[in-house]
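Good morning, and thank you for coming. I would like to take you through a few local features of one protein model. Please have the sequence and the structure open as I speak.

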Amino acid sequence: MRFIDAHNHLQDERLRPWRREILEACAAAGVERMVVNGACESDWDDVADLAGAYPGRVLPSFGWHPWWLHEQRDGWEERLGMRLRSSPGSGVGECGLDAWILEPGSRERLRGIPGRGDVAPSGMERQVAVLRVHLRWAAELDRPLSLHCLRAWGRMLSVLMEGPLPRRGFLLHSYGGPAEMVPAFVRMGAYFGFPGYFLHERKRAQRDVFRVIPPDRLLVESDAPDQVPPDDRRPHRLADGLNHPANVGSITAGLATALGMPREAWAQRVAENFGRWWGI
């Protein structure tokens, strides 16, 4: 079987000591491709270097995660466009909207996690303005688009309805929205990312949402080094409790079980969905 990780952050500093070993383990586990998502301009070079070192296996994507907008400098819109134009096989994102980080106490809960404690959240209107820039680039270049959304699904839907959108559709990374919104997103061309974190028993309700999503619109992602799966779905482990991208095979099997699908047929369907979205 072959597996595809539709969304991770292999460039994350927390994974730097094990990058080579991670990619070797992924190859041995049948992980054929992975999309590595840049979260801010300072990590785009690392993403590009990984894609250059592992062509075809690492698919680069460049964007601004809403947690890091405070690091933007004048001219970032043009530099994002230049990066995308100079990387014709790349995607757009991770980008999106995050209302959770604006809630009292959210930043305090991130403290103690390396690379997360220095988050300085931007207001929702700023997030929307930045998201619109990503939408324009993705639509103009017709690139795969990876969208982050946390507790802002209504606003995300309204922004996407205004467009523009890439013809190939877009990924709602780690879809945590309600079942009622699924048909509207599908009509706009959405794919829905399933992370290993949703295999925890406490996420049963969110797994049920994935039962109403059309099978040809589902993708699987590790979101490594975050969104760690439960122990019985985590055959590949890293220090400090970090998530390993090679776990995407076990996550795919876990989603197959949740949907009542044969594992082998489901893995093939997910790979076909990814190929249609990414154009491979």
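Let me begin with a term: helices (H or I, at least four residues) and strands (E, at least two) are DSSP runs, numbered from the N terminus. What you see is a predicted model, in which local features need pLDDT of at least 70, side-chain atom pairs count only at pLDDT 80 or more, and totals for chains, interfaces and linings use all residues. Residues are numbered from 1 along each chain as its sequence is written, and side-chain values use heavy atoms, with hydrogens and water left out.

I start with helix α9, where Ser250 has its place. Is Ser250 buried or exposed? Ser250 is buried, because its relative accessible area is 13%; buried means under 20% relative accessible area, exposed over 50%, and partly exposed in between, with a 1.4 Å probe and protein chains only. The side chain of Ser250 comes to 3.3 Å from the backbone oxygen of Arg233. Such a polar contact is a pair of N or O atoms within 3.5 Å; within protein, one must be able to donate a hydrogen and the other to accept it, and residues adjacent in sequence count only if both atoms are side-chain atoms. Leaving aside residues up to four places away in sequence, Ser250 touches Asp232, Arg233, Arg234 and Pro235, where contact means heavy atoms within 4.5 Å.

Next, helix α3, which covers residues 76-86. Which of its residues are buried? They are Trp76, Leu80, Gly81 and Leu84. Seen down the axis of α3, these buried residues fall within an arc of 140°, so they line one face of the helix; the arc is that of the directions from the helix axis to the C-beta atoms. In general, an α-helix has 3.6 residues a turn, so residues three or four places apart point the same way. On the face of α3 turned away from the buried side are the exposed residues Met82 and Ser86. The cover over the buried residues of α3 includes α2 (44-53), β3 (58-62), β4 (91-98) and α5 (124-141).

I turn now to the backbone. Most residues other than glycine have a negative phi, and most peptide bonds are trans. Where does this model depart from that pattern?

Consider Asp142, in the loop between α5 and β5 (145-150). Its phi is near 50°, a positive value in a residue other than glycine. Asp142 is buried, with a relative accessible area of 14%. The side chain of Asp142 reaches the backbone nitrogen of Arg167 at 2.9 Å. Beyond four places in sequence, Asp142 touches Trp137, Pro166, Arg167 and Arg168.

Ser174, in the loop between β6 and α7 (182-187), also has a positive phi, of about 50°, although it is not a glycine. Ser174 is buried, its relative accessible area being 12%.

Finally, the cis peptide bonds. One runs from Gly163 to Pro164, with omega near 0°, and Pro164 is found in the loop between α6 (153-162) and β6 (170-172). Another joins Ala224 and Pro225, with omega about 10°; Pro225 is found in the loop between β8 (218-221) and α9.

That brings us back to α9, the helix that holds Ser250. Thank you for your attention.
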